[in-house]
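Please look over the chain below.

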Amino acid sequence: MTTCSRWMRQLAQAVVPPLVVFGVVIAIWQACMVGFAIKPYLLPAPLSVAKAFLNDAPLLARAVMYTGSAAAIGFAGSLIVGTLIAFAFSQSPTLRACGYPYFIFLQTVPIVAIAPLIVRWCGYGFQSVVFVSFILGLFPILSNGTQGLLDIDPDLLDLFRLNNASRWQVLMKLRFPSAVPGILAGARTASGLSVVGSIVGEFFVGYGSKQFGLGYLIYSTNGQSQLDRLFAAVLTSTLFGIAIFGFVNLVSVTILRGWYDGPVEHRS
């Protein structure tokens with residue numbers, strides 16, 4: 001079997017089952033609308049959602065662009081900052097003991113609780129949405145990266161010490177290569193959280209009426225009781241999140257395949 005055929009087979013195995021489930025859910029949805037005579041202001045019919053999706057396609061495309069830009073910048077910031085902090089934590093148990101609890105606090109505190117502070121520091125608009133996306137994406141990379149940098153084979157660590165390797169050499173030639181799968185696993189989780197952070201951030205610190213993303217669109221259509229447009233925006237958000245996660249996952253597998261010889265599934 002050629003590489004292209006194998007790739008197409010894996011793609012079909014990944015895509016076809018969710019599409020079948022999606023089709024079944026749509027059929028059940030439509031049957032419930034007809035069978036129980038559900039009012040459109042309670043639940044729109046699948047066909048109404050499809051029409052709203054097509055009518056709002058330009059609007060949804062612009063919203064995806066704004067939300068995607070904020071999520072991408074927030075994700076990139078969390079990847080860089082999270083990895084650097086993980087480096088620092090791996091070098092100092094004292095620093096790790098002092099700083100790690102505060103990052104757990106940052107992960108657990110609700111965004112709505114700190115939204116007023118974010119607005120005060122950054123103001124309303126794009127920069128605050130990026131900041132929310134950055135906060136949500138930071139901890140998975142920091143946690144997985146720190147664990148990967150510390151989870152080192154003791155025999156290899158002794159070998160480096162016997163050869164008088166410097167702290168920098170141990171970090172870059174032993175700890176970092178061992179931590180790459182963990183950092184990438186954290187990046188996959190952070191990619192989805194960055195999209196969620198960008199959408200949620202638009203609820204509290206988002207854009208104005210001229211420039212807005214998916215979060216603001218969901219908020220405004222819900223306020224206007226336009227459920228068909230609301231469902232279309234939610235569906236777009238879901239598809240966008242899946243696309244971002246799939247892209248980051250593909251990049252991760254490609255990096256790991258180049259980093260190690262052989263299959264990478266058990267490492268990711």
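## T221 in helix α9

T221 sits in helix α9, which covers residues 214-223. This is a predicted model. The relative accessibility of T221 is 1%, so the residue counts as buried; the cut-off for buried is under 20%.

The side chain of T221 has a polar partner. One of its polar atoms lies 3.2 Å from the backbone oxygen of I218. Setting aside residues up to four places away in sequence, T221 touches Q226, R229 and L230.

## T236 in helix α10

Another threonine, T236, belongs to helix α10. That helix spans residues 227-259. T236 has a relative accessibility of 9% and therefore counts as buried.

Which residues does T236 contact, leaving aside its neighbours within four places in sequence? They are F53, L60, V64 and L214.

Most residues other than glycine have a negative phi.

N164 is not a glycine, yet its phi is positive, at about 55°. Is N164 buried or exposed? Its relative accessibility is 69%, so N164 counts as exposed; the cut-off for exposed is over 50%.

S225 is also a residue other than glycine, with a positive phi near 55°. Its place is the loop between α9 and α10. S225 counts as exposed because its relative accessibility is 59%.

## The start of α7

Helix α7 runs over residues 154-162. At its start, a side-chain oxygen of D153 comes to within 3.0 Å of the backbone nitrogen of D155.

## C4 in helix α1

C4 is part of helix α1, residues 3-35. How accessible is this cysteine, and how does it count? At 54% relative accessibility, C4 counts as exposed.

P177 is 173 residues away from C4 in sequence. In space, the two C-alpha atoms are 30 Å apart.

## The chain as a whole

The chain has 10 helices and zero strands. Along the sequence, the pattern reads α-α-α-α-α-α-α-α-α-α. The C-alpha trace spans about 75 × 60 × 30 Å along its principal axes.

The chain holds 268 residues, and 38% of them are buried. What share of the contacts with a separation of 6 or more joins residues 24 or more positions apart? That share is 72%.

Rolling a probe the size of a water molecule over the atoms shows where empty space is left. The second largest pocket holds about 400 Å³ of space. It is lined by 22 residues, and the closest to its centre are F75, L79, L184, A187 and V248.

Which helices each supply at least two residues of this lining? They are α3 (57-91), α8 (167-205) and α10 (227-259). By residue type, the lining has 17 nonpolar and five polar residues. No charged residues are found in the lining.

Conventions:
Residues numbered from 1 in each chain as written. Predicted model: local features only at pLDDT ≥ 70, side-chain atom pairs only at ≥ 80, totals over all residues. Heavy atoms only, no water. 1 Å grid on protein atoms, 1.4 Å probe; cavity = no way out; pocket = protein on both sides within 12 Å on 5 of 7 lines; lining within 4 Å. Points joined across faces, edges and corners; volume = space filled by probe spheres on them. Helix = DSSP H or I, 4+ residues; strand = E, 2+ residues; numbered from the N terminus. Nonpolar A, V, L, I, M, F, W, Y, C, P; charged D, E, K, R; others polar. Buried < 20%, exposed > 50% of the residue type's maximum accessible area, 1.4 Å probe, protein only. Contact = heavy atoms within 4.5 Å. Polar contact = N/O pair within 3.5 Å; in protein donor to acceptor, adjacent residues only side chain to side chain.
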